[in-house]
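Please keep the sequence and the three-dimensional view at hand while reading.

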Amino acid sequence: MQKLPEAVQLIEKASMMYLENGTPDTAAMALERAGKLIENVDPEKAVQLYQQTANVFENEERLRQAVELLGKASRLLVRGRRFDEAALSIQKEKNIYKEIENYPTCYKKTIAQVLVHLHRSDYVAAERCVRESYSIPGFSGSEDCAALEQLLEGYDQQDQDQVSEVCNSPLFKYMDNDYAKLGLSLVVPGGGIKKKSAAPQAKSEGATAPATEEDEDEYAGGLC
């Protein structure tokens, strides 16, 4: 009958009953199914359902299943441009991957975090994510780390070309589609205007330089 909100309410009620009856696996399956059902109609509700499912799995110490559901929630939050919530969700994913010692995926989650923070115009938070990730085994020598350092340098210097080059690299382009799009749409503060106006500024500075040297020459002449 396509009465999806009503269906989801009933599924949530059923999942509570499954939990009370000591069958958390069935409860989690029901909640995940409800999330898939409502995802295209009400993404916000789907996020809530996926997070609930992740909590059920986490309580059962089934961390791999929990983090998979958190990943779905994170991607939906990014798609809806709810970046503050997305940043928190990705951090939770990263913590679980670190706990289960899946370090390469931690590197990818750091990239996702940095992209989200830069879209929030929060360079400090993005830089902190990279700095904190140095404690993850193998991160400091990885291509992910090198790319992120280059990205942050370009963003800080308002160098749109450098930022675009990093975000168009295979490392970024072959991430989950929602994060790849964040990379491709990332614009430095001022849209790179500062970089473009740097040449005339340098010219004008260059114009004043000879005058300074000439003054110094006159002063030197006076000493002679």
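**From the core to the first helices**

When neighbours within four places in sequence are left aside, F172 is in contact with I111, L115, A147, L148, L151, V166, C167 and A180. The model in which these contacts are found is a predicted one. F172 belongs to the largest nonpolar core, a group of 59 residues in which V114, L151 and F172 touch the most other members. Helix α4, spanning residues 63-79, gives the most to this core, contributing nine residues. In soluble globular proteins, nonpolar side chains tend to be buried together.

C167, one of the contacts of F172, counts as buried because its relative accessibility is 1%, under the cut-off of 20%. C129 likewise counts as buried, since its relative accessibility is 5%, also under 20%. The structure holds zero disulfides.

Helix α1 covers residues 4-20, and its 17 residues reach 24 Å from the first C-alpha to the last, close to the 24 Å expected at 1.5 Å a residue. Within α1, the buried residues are L4, V8, I11, E12 and S15. Seen down the axis of α1, these buried residues fall within an arc of 105°, so they line one face of the helix. On the other side of α1, the residues Q9, L10, K13, M17 and E20 are exposed. Just after α1, G22 takes a positive phi of about 80°.

Against which helices do the buried residues of α1 pack? They pack against α2, residues 24-38, and α3, residues 43-59. S15 is buried because its relative accessible area is 2%, under the cut-off of 20%. Not counting residues up to four places away in sequence, S15 touches A27, A30 and L31.

A27, A30 and L31 are in turn among the buried residues of α2, which are P24, A27, A28, A30, L31, E32, A34, G35 and I38. Helix α2 itself has 15 residues and reaches 21 Å from its first C-alpha to its last, close to the 21 Å expected at 1.5 Å a residue. What covers the buried residues of α2 includes α1, α3 and α4.

How values were computed. Residues are numbered from 1 along each chain as its sequence is written. This is a predicted model: local features need pLDDT of at least 70, side-chain atom pairs count only at pLDDT 80 or more; totals for chains, interfaces and linings use all residues. Side-chain values use heavy atoms; hydrogens and water are left out. A nonpolar core is a set of buried Ala, Val, Leu, Ile, Met, Phe, Trp, Tyr and Cys residues joined through side-chain atoms within 4.5 Å. Buried means under 20% relative accessible area, exposed over 50%, partly exposed in between (1.4 Å probe, protein chains only). Helices (H or I, at least four residues) and strands (E, at least two) are DSSP runs, numbered from the N terminus. Contact means heavy atoms within 4.5 Å. The expected span of a helix is 1.5 Å times one less than its number of residues. The arc is that of the directions from the helix axis to the C-beta atoms. A disulfide is a pair of cysteine sulfur atoms within 2.5 Å.
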